[in-house]
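What follows is a walk through some charged pairs and a nonpolar surface patch. Keep the sequence and the model in view while reading.

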Amino acid sequence: MPDDFPINLPINLRSNLPSPSRGALSAMHPVPTMRLARVWIVAIALAMSMLACRIPGKSIESNYKNVDQFNFDVAMGPKNYHIEGYLTRSAEQGRRPGLLVLNGGEGNVDRCVKMSQGIAAMGIQVACVNIPGYGGSSGPSRFVGQPSVVASLRALDKLAGRIDVDSTRLAVWGLGHGAVAAGLLMDYDSRPRALILESGCYDPITLWPEAPLRTKLSILREVWPSKRILKERSVIANLPRRLGCSVLIMHGERDNRVPVGQAVKLADALRVRGAKVSTRYFPQASHDLGKRVEPELRAFLRDNLLDANRAAAS
């Protein structure tokens, strides 16, 4: 026990001295037993909670009776991406409308699953998915590159292929970078009859010169912003000539990452192409809109997935 000897005692003499007994050590360094026991209990509880957090889906699924894992893998050349997702099942029987939620930086799947309980109660099956580079999905994101589009298409295929989902009544809701993925999905896939786009960057070519420094640094960490790269990720630049879907665009007027002008520009471009567009701009909101979007979201889904089908049937 070298630390029990005076600093100036030679090392070669320390080895010749007898080691103090356990009782002598206790006398020299009394141990507060109750305090030590409490420390151990706290340490064990903390370790167990950290271990539980590392079990994929355990904490989320255990909180709900109607939530299942919705994980899948996509391959892009030699790269394989594991995509994290959860499905919230409606209690209503038969084929129900499906909503795919693409998370890309705003909130997380835990918040999404919690929110989806109210939408499932409307009679809609809800799949919450993290695009590559976010949450438990492998990355990198590469500023919503091709892997995000492929993952979104695969998620829509997986949702539409379920026996309890009506593949003619599909909607996609994208948040943050997930809104860009949803917008690019709209450009290439006509299956969604309704889209909700929240706080997205829809034309990075025009955004880049005027983007805040924080936004530019965020982009530079993922890709080199050449004109070709930015055009590939532009929802507006890749819009088809005609669109027959309904689109709800929501954005905060005080968004300090992506100016609200991006949402206004997309709304104008969609209307020119025949889409039915609704907008909701929140004067006091920044980038993360949180729960304030829920009334508009539910009304939009009711009008475009539920009531629209009833009107067609009548």
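A residue is called buried under 20% relative accessible area, exposed over 50%, and partly exposed in between. Arg191 has a relative accessibility of 30%, so it counts as partly exposed. The model is predicted, and the values below are computed from it.

Side chains of opposite charge can pair when their charged atoms come close. Across the whole structure, a search finds 13 salt bridges. One of them joins Arg191 to Asp157, at 2.8 Å from N to O. Asp157 is partly exposed, at 38% relative accessible area. Asp189 joins Asp157 and Arg191 in a network of salt bridges.

A second pair is Arg89 and Asp68, whose closest N and O atoms are 2.7 Å apart. This pair links distant parts of the chain, with Arg89 in the loop between strand S4 (85-88) and strand S5 (96-104) and Asp68 in strand S1 (residues 67-69), 21 residues apart. Arg89 is partly exposed at 26% relative accessibility, and Asp68 is partly exposed at 29%.

Arg162 and Asp164 also form a salt bridge, with 3.0 Å between the closest N and O atoms. Here Arg162 is partly exposed at 25%, but Asp164 is buried at 17%.

The nonpolar surface patch consists of Leu213, Leu217, Leu220 and Trp224, which together have about 470 Å² of accessible area. Leu220 lies in helix H9 (residues 213-220) and is partly exposed, with a relative accessible area of 38%.

Technical notes: Residues numbered from 1 in each chain as written. Predicted model: local features only at pLDDT ≥ 70, side-chain atom pairs only at ≥ 80, totals over all residues. Heavy atoms only, no water. Patch = residues over 30% accessible without salt bridge, like charges linked within 9 Å, V, L, I, M, F, W, Y side chains within 5 Å. Areas by Shrake-Rupley, 256 points an atom, 1.4 Å probe, with all protein chains shown as cover. Salt bridge = Lys/Arg side-chain N within 4 Å of Asp/Glu carboxyl O. Helix = DSSP H or I, 4+ residues; strand = E, 2+ residues; numbered from the N terminus. Buried < 20%, exposed > 50% of the residue type's maximum accessible area, 1.4 Å probe, protein only.
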